[in-house]
Amino acid sequence: MAVQQAAGSDPYFPDNGDARYRVHRYELALDYRPGPNRLSGTARINGIAGRSPLTEFFLNLADFRIGRVRVDGRQPHYTHRGGKLRVRPAKPVRPGAAFTVEVHWSGNPKPVNSPWGGLGWEELEDGALVASQPIGAPSWYPCNDRPADKASYQISITTPSAYAVVAGGRLLTRTTRASTTTWVYEQSAPTSSYLVGLAIGKFQTVLLGDPGPGGVPQHGHIPAQLLPEFSRDFARQPQMMDLFQELFGPYPFDEYAVVVTEEELDVPVEAQGLSLFGANHVDGARGSERLVAHELAHQWFGNSVSIADWRHIWLNEGFAKYAEWLWSERSGGRSAQQLAAAAHRLLSGLPQDLRLADPGRKSMFDDRLYERGGLTLHAVRCAMGDDAFFRMLRGWAGLHRGGAVTTTTFTAHVARFAPEPLDDVFDAWVYGVELPPLPMPETRAAG
């Protein structure tokens with residue numbers, strides 16, 4: 001498992017994440033009451049100090065009341081302001097040593113402010129959901145909020161029994177006592193803090209397809225009244241799973257869940273082993289099928305293979321965009337070449353001042369990044385030919401499974417598979433800003 005820790009703070013979000021340590025595991029025990037939107041929790045965080053003695057460190061956590069903090073069972077000095085819980089252990093943690101932090105907190109969770117509006121915990125009319133990309137995780141639990149710091153998670157959530165809880169990972173137990181039910185989920189795969197997904201609501205649960213022996217269980221959790229439309233809109237997701245496993249390698253997690261809320265969402269949101277869709281993405285006419293493919297592809301690209309910091313977000317979004325094109329091509333829709341041509345026409349009429357390798361915080365979710373990212377992969381495919389390209393993709397997802405990568409990691413990886421250097425392709429598409437000519441396939445081997 002190749003994990004590359006970013007050397008310092010994230011240049012786009014310097015207040016999020018502390019590079020002086022890393023987290024190995026989070027154990028969260030939460031109690032949530034939807035009516036008053038009241039959350040109380042205990043976090044047990046197992047960390048490992050970096051190369052210097054850890055005289056102090058911080059966790060990101062929004063404006064909650066702190067009940068208690070312990071480091072290795074001892075009371076530290078701490079302050080909590082501006083979204084940072086700063087902790088000074090009673091005794092410095094030795095370089096490379098393991099340590100445990102315990103935090104108790106409570107309050108009314110709400111989204112954290114960002115240039116893209118509120119992120120993280122969102123109270124719904126009847127329930128709640130979490131959509132944290134990129135910096136919303138501290139809206140509901142204390143974390144080292146940097147994408148390269150990946151950890152395993154166990155999440156226990158107690159809610160009134162009328163509600164179901166869906167989280168990414170495997171449901172270990174569901175225990176009902178009196179009027180409440182406690183759901184315990186385990187996500188053993190390394191997970192970035194922003195990818196810890198959660199939905200609390202009144203859902204009907206259905207199995208998508210028959211996974212068969214050794215297959216990937218896929219469940220949908222949807223409001224009962226949307227079931228007929230959902231059944232058509234997501235009918236081909238099992239075929240997507242089969243295709244992506246063929247093209248990208250084995251699905252990297254134990255199972256996959258999709259949640260549809262009763263409310264509308266601007267865009268679907270990926271989480272580890274879980275994707276969240278709004279009611280507006282379900283129309284009974286497969287009108288959002290490309291987004292179904294996009295979110296599924298993120299399980300490989302973005303979730304399993306994560307970015308070391310947010311400058312490299314095209315490695316998430318460009319790959320998921322290209323997966324949309326591959327699904328279309330292999331399922332009877334337009335070919336990747338046709339979709340690339342349409343994207344190229346779109347970009348040619350827009351400002352050409354975005355650099356994929358470092359788009360800047362303001363442009364990290366710009367539609368141009370998605371389209372140019374997809375075109376970049378198409379350019380690499382055209383230059384390499386299908387055999388080498390798909391071997392490269394499977395190698396990328398396999399070699400870096402559970403890890404964190406950069407643009408440089410990717411260009412070096414491609415060089416191992418390309419029959420000739422592709423420096424010109426990357427200089428033009430990734431590091432340049434002007435739109436290069438539409439890539440055209442040369443002689444194409446079978447994929």
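Is His77 buried, partly exposed or exposed? I began my notes with this residue, and I found that His77 counts as partly exposed because its relative accessibility is 46% (buried means under 20% relative accessible area, exposed over 50%, and partly exposed in between, with a 1.4 Å probe and protein chains only).

Before going on, I noted that this is a predicted model, in which local features need pLDDT of at least 70 and side-chain atom pairs count only at pLDDT 80 or more, while totals for chains, interfaces and linings use all residues. I also noted that residues are numbered from 1 along each chain as its sequence is written, and that side-chain values use heavy atoms, with hydrogens and water left out.

**Entry on His77.** I placed His77 in strand 5, residues 77–81 (helices, H or I with at least four residues, and strands, E with at least two, are DSSP runs numbered from the N terminus). Leaving aside neighbours within four places in sequence, I found His77 in contact with Arg86, Val87 and Arg88, where contact means heavy atoms within 4.5 Å. From C-alpha to C-alpha, His77 and Arg88 are 5.1 Å apart, although 11 residues separate them in sequence.

I then looked up an open sheet, which 7 strands form in the order 4-7-2-1-10-13-12 with mixed pairing (two strands pair if DSSP finds at least two bridges between them). Its edge strands are strand 4 (65–71) and strand 12 (170–177), each of which pairs on one side only. From one strand to the next the twist averages 10 degrees, with axes taken as lines fitted to C-alpha atoms, for helices over the stretch in contact, and angles running from 0 to 180 degrees between N-to-C directions. Within this order I followed strand 10 (residues 151–160) and strand 13 (residues 180–191), which pair in the antiparallel sense over 9 bridges, and I saw that Ser156 stands opposite Val184 in strand 13.

**Entry on aromatic rings.** How many aromatic pairs does the structure hold? I noted 31 of them, given that rings of Phe, Tyr and Trp (its six-membered ring) pair if their centres lie within 6.5 Å, and that planes under 30 degrees apart count as stacked, over 60 as edge-to-face and the rest as tilted. The pair of Tyr32 and Trp121 is edge-to-face, because the ring planes stand at 65 degrees, with the centres 4.8 Å apart. This pair links distant parts of the chain, with Tyr32 in strand 1 (residues 21–33) and Trp121 in strand 8 (residues 120–124), 89 residues apart. I found Tyr32 buried at 0% relative accessibility, and Trp121 buried with a relative accessible area of 1%.

The rings of Phe319 and Phe410 are likewise edge-to-face, with centres 5.2 Å apart and planes at 75 degrees. Phe319 lies in helix 4 (residues 314–330) and Phe410 in helix 8 (residues 407–417), so this pair ties together parts that are 91 residues apart in sequence. Phe319 is buried at 2% relative accessibility, and Phe410 is buried at 0%. I also found both in a cluster linked by ring pairs, whose members include Phe244, Trp300, Phe319, Trp396 and Phe410.

**Entry on charges over rings.** The charged end of Lys84 sits over the ring of Phe58, 4.3 Å from its centre (NZ of Lys or CZ of Arg has to be within 6 Å of the ring centre and within 35 degrees of the ring normal).
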